[in-house]
Each structure stands twice: as C-alpha cells, then as structure tokens.
Amino acid sequence: MTATLAPFPWTDVSGQDDAVETLRAAASDPGALSHAWLITGPPGSGRSTLAYAFAAALIASGPGDEHTMRQVLAGTHPDVTALRTDKVIITIKEARALVERSYFAPSAGRYRVIVVEDADRMVERTSNVLLKALEEPPERTVWILCAPSEADLLPTIRSRVRPLRLRELDVSDVASLIVQRTGADEATAEQAARHAQRHIGMAQRLATDDAARRRRDLTLRSVLAVRGVGSAVETAGEIIQAATDDAKSLTVERDSAERTSLLRTVGIAEGQAVPPALRAQISALEDDQKKRATRSLRDGIDRVLTDLQSMFRDVVMLQFGRADDLINRELHDDLSALATAWPVERTLVVLDHLAETRESLERNVAPTLALESLLVTVASGRKP
C-alpha cells in the first residue's frame, strides 16, 4: 500500500490514511470530536507522530494556520502539554500535574490538548488519578493517550476514551519512508525495515548507523554459535555489556547537557562546588537520569530479544518449508542448517523461553541471569 500524502500537519504520518481522515474530521467538526482518544498500534507505527499532528490541528484556528501548527509540533505552544517518560513508569506526581493542567482554559488556541505518550507505563494507582479528568474534562480540553494496545490500559480508562487503532505498515512502506527521511539507498532501507520488523524509529537507526547494524548481526551470529553452558554464559555477558554500552551512548551526552544546564540555571560555574542548599536538586536530577538509564538498558535488552525471536521464528518458517518471508535473509544458510538439525519442538521450546524471558525482565529479574538461562535452552533444547 502506498499512502497518499496528507496536508500539513499530517505530512509526517505514514501509511495511516484511515486514521488521519478520522482525526482530520474530528479536528474540523466539534460534533465528531471526543474529549479523550486512545491511539494504539505496535511500537514504531507512528502513534506519537499522529498524536501531535492531531494536537496541532485541534489547536490551530484552521487548516491555514500553519504557524500555530508548527509551534505545536515544535513543542513550544502553551496549549499543548505532553508527558513522555524515559523512566520505567509514569509517576503519580506526573499524572497529577497533567490533571491540574487539563483544567486550565486554552490561552491562545481553540483547545487545550494533553498528550500522554506510553500511557501503558502507568500502574493502577497512577491510572486512577486520570479517571475523573477523563470522565468529566473541561469543555475545551482534549486528552490523547498512546499505547501499544487497548489491553495495556485499565478497563476503567478504556471505557472513557475513543479508541483509534493504527494499522501495521508493510516493510515496503517503512523502507520508502526511510529513504525519504534519511536518503539511505533502497537496499539498506529495505534491510533496515525488515530487521526492525517495521518499527519506524528502529529502522531509521539501523539505516543510518553502521555500528548498530554490525552489532545486531554479531549478536545473532554469536547466539547461533552457542554450544554449551560455558559459551551461553559468555555470550550472555557480551550481550548485556553491548546493551549497556549502547544505552550509555544514548544517554551520556544528554545527561551531561542536563547537568550543565541545571548548574547554569542556579548560577554555579563548571567545576565549582555545589552548595548544600542545592544538592537536593542535583540529587533529584541524578535520580531521574538513573531511572532513564535503567529504562534505556531494558529497552536495549528487549530489542535483542525481539531480534532473537525474529531469528528463531525464521527457523520455524524454514522447518515448515516457508523460505519466502524471512526477516533475516542474510542468515539463510545458517538458519537452514539449524532448521534441518533441530526438530520443530526444540525451536518452539526456545521461542517459548524467549517469551518467558521478556516477562521475567518486566518483573525485574536480573538481566544477566535471565539471558544465561535462555541461552542454555538454545544450546541444549531444554529449559534449565
């Protein structure tokens, strides 16, 4: 499917024509507008991009008010409040601040819009903070929640929002978008879209980051080479170290900039001792940065597990004679050899353990132990 190009501010929304039409109609017709929306779709499907385009259309005075729309998309308009978190969960304090903000009248635009990215990161107590605001919002406030699926939110939240499900993009859709955005050649973009399993953000990174592509390939090949407990333990340690280094590379520059900005704001020069009265602010920033680093590491390990699932999914496909829809075509010979050597039941045991490992990590099981256990299963065909 080739998506038609919608007018600004919808131009960055790819492959979601039906959703765009629904939200365009709602933004232009108060009779079609719900007070709260839930945009769901798989990671990388463009939930947040669509949410901010919708916010821009709602706040602007009309289709020609491009200046206001650009303010919203840049995150500088006073009538849009966004909550995005790099931490493991959204806190009650953050939710209460949103609710308080939602009762303010719009200062310049037609509506006040509250966007909650990753609404699935709210625990039950935090979700309950939003209930009344979602049930009885001010007349000119619109909530937009984003999550992978409706099931990720409490039934009480789901009953108070209008759901909008995004479709899964084809590999060709994502590849075309990556070519447009990055200028990558078509072969690299197609490979990145396929390896990312149509996750737009991850595909863009793979297409533009040679090191990320090499790291992914090395990880898959190292898992294929696991032959016993010793190599399972060694490979698990290497994967955790690579994920840790990757997480640090994504956060260290931002952490340093945040600390420098805070010190400048409170009037402390670089290298100057922090007065006792200000140490609490520094500690709070460092605490937030640690939580973000934890989330980044978890996301990195989860990405590795997603890649491993794609690889063993390919093995199952080959075992059933389906070689035309492989995600990891570059490993065809190695995967074919594995598909021949293993019975289907063994591959399914590995896939089951992969799913269990992801659940274990969500319960804060030590990542190294979880991966060691998984790779022992890969090596032996039996769960430890």
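1. In this predicted model, Thr 81 has Ile 114, a residue of strand 3, as its bridge partner. Strand 2 and strand 3 (residues 112-116) run parallel and are joined by 4 bridges.

2. The sheet to which these strands belong is open and is formed by 5 strands with parallel pairing, in the order 2-3-4-1-5. Strand 2 (80-83) and strand 5 (162-165) stand at the edges with a single partner strand each, so that one side of each has no neighbour in the sheet. From one strand to the next, the twist averages 15 degrees.

3. Helix 4 (residues 92-102) packs on the sheet, where it touches strand 2, strand 3 and strand 4 (141-147), and its direction makes about 165 degrees with that of strand 3.

4. The count of aromatic pairs comes to 2. One of them is the edge-to-face pair of Trp 37 and Phe 54, with 5.4 Å centre to centre and 80 degrees between the planes. Because Trp 37 lies in strand 1 (residues 36-40) and Phe 54 in helix 2 (residues 47-59), this pair ties together parts that are 17 residues apart in sequence. Trp 37 is buried, at a relative accessible area of 1%, and Phe 54 is likewise buried, at 0%.

5. Phe 312 and Trp 342 form a stacked aromatic pair, with 6.0 Å centre to centre and 5 degrees between the planes. The pair links distant parts of the chain, 30 residues apart, with Phe 312 in helix 12 (residues 279-319) and Trp 342 in the loop between helix 13 (332-341) and helix 14 (344-362). Both Phe 312 and Trp 342 are buried.

6. A charge also sits over a ring: the charged end of Arg 70 lies over that of Phe 8, 4.3 Å from the ring centre.

Terms used: Residues are numbered from 1 along each chain as its sequence is written. This is a predicted model: local features need pLDDT of at least 70, side-chain atom pairs count only at pLDDT 80 or more; totals for chains, interfaces and linings use all residues. Side-chain values use heavy atoms; hydrogens and water are left out. Rings of Phe, Tyr and Trp (its six-membered ring) pair if their centres lie within 6.5 Å; planes under 30 degrees apart count as stacked, over 60 as edge-to-face and the rest as tilted. Helices (H or I, at least four residues) and strands (E, at least two) are DSSP runs, numbered from the N terminus. Buried means under 20% relative accessible area, exposed over 50%, partly exposed in between (1.4 Å probe, protein chains only). A charge sits over a ring if NZ of Lys or CZ of Arg is within 6 Å of the ring centre and within 35 degrees of the ring normal. Two strands pair if DSSP finds at least two bridges between them. Axes are lines fitted to C-alpha atoms, for helices over the stretch in contact, and angles run from 0 to 180 degrees between N-to-C directions. Contact means heavy atoms within 4.5 Å.
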